[in-house]
Amino acid sequence: MTAQGSYPWAAGFYDDGDRPQIVTSRFRYEDSHTLERYHATGGYEGLRRALERTPDDVHTEVRNSTLLGRGGAGFPAGVKWGFTPQGVWPRYLVVNGDESEPGTYKDRLLMECDPHQLIEGCLIACYAAGLSRCFLYIRGEMPLAHERVAKALDDAYAHGYIGTNILGTDFSVDIVLHWGAGAYVVGEETALIESLEGERGMPRLKPPYFPAAIGLYGQPTIVNNVETLSNLPFIALNGSAAYTAIGTETSPGTRMIAVSGHVKRPGVYEIVNGSTTFRDLLYGDEFCQGMREGHELKCFVPGGGSAPWFLPDQLDIPFEGRAAGSAGSMLGSGAVMVMDDTTDIPAAALTLVKFYAHESCGKCVPCREGGTWLYRIVERIVAGNGTDADLATIREVGESICPGNMPHAASERLGLEAVPFPYKMTTICFVGPSAYVPIHSAMTLFPEEFEARVTKRAVRTTIPVAAVPVGGD
Amino acid sequence: MSRLTDQNVAIAREIVARYPKKKSALIPLVHLSQQQNGYVTEDAMRHVAELIDVTPAEVYGTASFYEMFRFEPTGKYLINICGTMSCALMGADDLMHHAEARLGVKAGSTTDDGLITLQHAECQAACTEAPTLQVNYRHRFRVTPTEFDDLVDDLRAGRLDDEIPPHGTLGRNRQRIPADRAVGAVPPDEVDGAPAWVTIQEDQP
């Protein structure tokens, strides 16, 4: 079957209904990726406005907008820019376009459908934060994004938007398109920097390697997500007040979310922050329109593969970071994956455990060894070869990655109270814990599916092969 | 012949010049070599090492970390079938079984004619259009078994040559920074002071 969506050139994207659009407003045009269309729809006007003001002024405007990072951590971008140490130059901008969290896709669409909006956002960030070179790191498995962004960069250079003395001012910056080569962990900002330096993509220890202080080539570096930067042209053009008028006080603006799995109309939607509940998203007419015909919701992952799972009990929680956190999960990168009553829960969890085990970079032992252990154990349980000792072993391995209480959702059926996010971890980055999160959620919320699966009794594995002579001969 | 061609050396030098430190060009240059040869050869890694002043072992050390680099001959078409959660929920397993049967190879291997390599893959960022696959990283959405068969027929007949370049080609166009507009890459220790447009009061105590 062909791809679905409001427009054939933006597979999976829907903009029906009456929602304000900040970053997807041009997706309706087939030529949205061209400079001609960008110019015809107010493009680069935000940059012109910004260049008429001082960099500090523009930085203040962005800080006042409370624009939150859209990569997963949700940290305010304007505050992040302010963390660079005084008087240390040069400073760099690294754009994180290595989108690969399971369930997530928004950055790919933003790069394919509106590359100039991203470029304008990069320029505004560089101007405001004094960043003198920009590296746009795009996931290798997205050649269409590479092609569109490369063309957009060429056109923007030719029109004087990038390079020396931009639009006749003192502002000069290059934007360099960089190709990734396939590694999930590179989405972590310090691993991204390692990769950009030509190294294996392994995360650095924080502290001391906070990118804003010691980043690319040891210099102060701002790492921002594609969607975050794509919001800047709107803020520069319309002001922070227009931006904060949309959404909630703590999470203004909109965000792009992808809802996939067993719903009637899976799709990518730009929603106003705080305006919807998960029930609206999964069942609303302008969103997913309910579950597949004849089936009921069993559970869903609310924030990308690394997020603890929710049950139908949690449908009325608003799609908002704090609410999701106190209910035992997180919104992460804006990806909801929906499972109906036909889903084999251990098998579904296995797909994610396998993913994170596979993507471990191997730097931290609990992740490298523990992730693989979890994968092997869950795989044998799913295959029907699990034993009654396996469930305890999973928890033991999990404990070595995430010591202490793991967050999980409340369940009326099981009489469970919610344990709020986050968790403790023994690894540098979130890949390790992410291998445990899905299997922990699945075992906590659906214990009976695992107990039914492990029908074999564990046997001692230290049975001697043969009698050992004592005392030699 | 698997060192970079003269034409590609020219492209490589242009890429190296964009980075304040040469080693940053390692991944782009290994991509370039894979585009030329279809996979990453030992000679190509030696050549890349020369171009960025590192050892061949450092090139291999970095390149071997990344999934997209292949170190053995690979089909002209690399078919990656996604098996992560959203695709798995929508029948990725069945699609893979069908693909293996249709191509007569197991995932991870190449057809006898050397044309198609089949692989398991992880999330391809098209989760609402599941199950998905990529041919040389070009997406195909909501793929049914019949559509898979049609795809294979089309690839074999060369009907998709315009749309899908041979394995290794990342983008059909690449960024060109015009010399008269480029700011240029300066090694960080040769930069002193704030850039011209930044108000200087920040540098004062």
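Why does Tyr105(A) count as buried? In this predicted model, local features need pLDDT of at least 70, side-chain atom pairs count only at pLDDT 80 or more, and totals for chains, interfaces and linings use all residues. Residues are numbered from 1 along each chain as its sequence is written, with chains lettered from A and ligands numbered from 1 in the order in which they are written.

Tyr105(A) counts as buried because 29 C-beta neighbours lie inside 10 Å (buried: 20 or more other C-beta atoms within 10 Å of the residue's own, with C-beta atoms placed from the backbone). The residue lies in the loop between strand S1 (92–97) and helix H5 (107–113) of chain A; helices (H or I, at least four residues) and strands (E, at least two) are DSSP runs, numbered from the N terminus. Leaving aside residues up to four places away in sequence, Tyr105(A) touches Glu99(A), Ala258(A) and Val268(A), together with Ala125(B), Ala126(B) and Cys127(B); contact requires C-beta atoms, placed from the backbone, within 7 Å. Val268(A) is 163 residues from Tyr105(A) along the chain, with 7.6 Å between their C-alpha atoms.

The contact between the chains takes 77 residues from chain A and 62 residues from chain B. Among the elements of chain A that each supply at least two residues to the side touching chain B are helix H3 (55–65), strand S5 (254–261) and helix H14 (345–359). The largest share of this side, eight residues, comes from H7(A). By class, the side comprises 33 nonpolar, 31 polar and 13 charged residues (nonpolar: Ala, Val, Leu, Ile, Met, Phe, Trp, Tyr, Cys and Pro; charged: Asp, Glu, Lys and Arg; polar: the others, Gly among them).

Terms used. Two residues are in contact if their C-beta atoms, placed from the backbone, lie within 7 Å. A residue is buried if 20 or more other C-beta atoms lie within 10 Å of its own, exposed if 12 or fewer, and partly exposed in between; C-beta atoms are placed from the backbone.
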